[in-house]
Amino acid sequence: MPIVHADAAAALDLLSHARTVRCVCHRNPDGDAIGAMLGCGLLLETYLPSVKVTFHCVDAIPDQFHFLPAALRVTKVPPPPGAGNNAMEKDDIIIFFDSGEPKLTELDRSHPQLFDGSVRTINIDHHPGNPHYGTINLVAPDLCSSCEVVVRMAELLQWTISADVATCLLTGVYTDTGGLLHSNTTARVYRTVAELLRAGARRQSIVTAIFRTAELSTLRLWGRVMEKVTVTEEGGAISAVTEGDFRATGAEYSALTGAIDYVNAVPGMRFSLILSEREGKVKGSLRTLRDDVDVSAMAGKFSGGGHRKAAGFALPGKLKPEMRWKVVDDDAPSQLPTSH
Ligand SMILES: [Mn+2]
C-alpha cells in the first residue's frame, strides 16, 4: 500500500500532541536507519518546535556516519516507560526507523510497553515483511529506503527539506541502493535524489564518507574475504571470515558491510554468500544478481530473511573449514578414484 496523505496527517496529529518524540533505529545501524532517524528528527524540530526530539540506538553510530548533522546526539536506549525521574512520560511518542520487526530494535524485551499498545508509536519502514507493529505505520515496500519514506512524508505534509535534512536522507537512499546500483533503483529514486540535491544535500561528503573511505583494517579484512572465495557446484561464490580474521586485521564486525558485492561479482554464479563468526554465532549474508533466484527463501531455511536479492541469517555455532582435493590424471582417458 502506498503512503497517502491520511497516513502522514495521522502521524502529524500524534506528533503535534507529544512532549517528547524519541526516534529509535535498528541495531547495527546502517546509513538508511541513521539517515532516516536523523533526517526525520531534524524535520520535526523545524516544524514542531515545541516538541523535544531525542535519538536512540542500542549500538553506537559507526564513525563513517559522524559527518551527518546530529549524529553525535544519538544515545543508547531510551528510558523505560513508568515511574521515576527520567522515565518515559505517557505522552511521549516513539518513532521506529527501518526496523522490519520489533526485535531489530532490541527493545522488545527491555521495553515491551513499546510494542503492546501502551505507548503510542510510529513505524517508518520499507521492508516487505513489516508486521505493522506501530500505532501508525508508514511502511512502503515499494520505496528503496526508509529515507525515501521520510521524503514522501515531508512531501505529503508540504514540509520543506533543508540542506542538513537532505544530506541525512540522501545518505540512506545511497546506502540502500548501493550507490544507485542495486535493482531497487527505480525512476522514482532518481527523482527523489534530484529533489534532495535541489534541497542542498551534500552529495560529495556522502560519497567520500561512505564509498571512498576505508580503514586499513577494513582493507585487510576484505583482502582475506577475497582470497578465500570458492565456487561451489551449485553455483555459489562463497567466502568465510573467522573471529581470528577479525582479530588479526583489527577490523570491527561492521567492516564486512559491502564486501559481499565483490564476492557477488564472480561471473555465472547463481548466488553469493559470506559466512562470518561473531560471538558464538555465524552470520550469513546472501546476494544474487539473478531474477530466478530468491535468496530470502534460502535465508528462510536458516530462520533468516530479507529481500529476494539480498538476505541474511544467523545461526549459533562457529565455522569449521573443510578442504576437498580431487586427483585427476590429465593423460588418462578416465578419472582416477576420487579422494577427499
Ligand atoms: Mn533500509
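A residue is taken as buried if 20 or more other C-beta atoms, placed from the backbone, lie within 10 Å of its own, as exposed if 12 or fewer do, and as partly exposed in between. The model is predicted, and local features need pLDDT of at least 70, side-chain atom pairs count only at pLDDT 80 or more, and totals for chains, interfaces and linings use all residues. Residues are numbered from 1 along each chain as its sequence is written.

Asp98 counts as buried because 28 C-beta neighbours fall inside 10 Å. Because Asn28 has 15 C-beta neighbours inside 10 Å, Asn28 counts as partly exposed.

A nonpolar core is a set of buried Ala, Val, Leu, Ile, Met, Phe, Trp, Tyr and Cys residues joined through C-beta atoms within 7 Å. The largest such core has 59 residues, of which Ile95 and Phe97 touch the most other members. Helix H2 (residues 31-47) supplies the largest share of this core, nine residues. Beyond its neighbours within four places in sequence, Ile95 is in contact (C-beta atoms, placed from the backbone, within 7 Å) with Val21, Cys23, Val24, Cys40, Ile122 and Ile124. A second, separate core comprises 23 residues, including Ala237, Phe246, Leu286 and Ala311.

How values were computed: Helices (H or I, at least four residues) and strands (E, at least two) are DSSP runs, numbered from the N terminus. Two residues are in contact if their C-beta atoms, placed from the backbone, lie within 7 Å.
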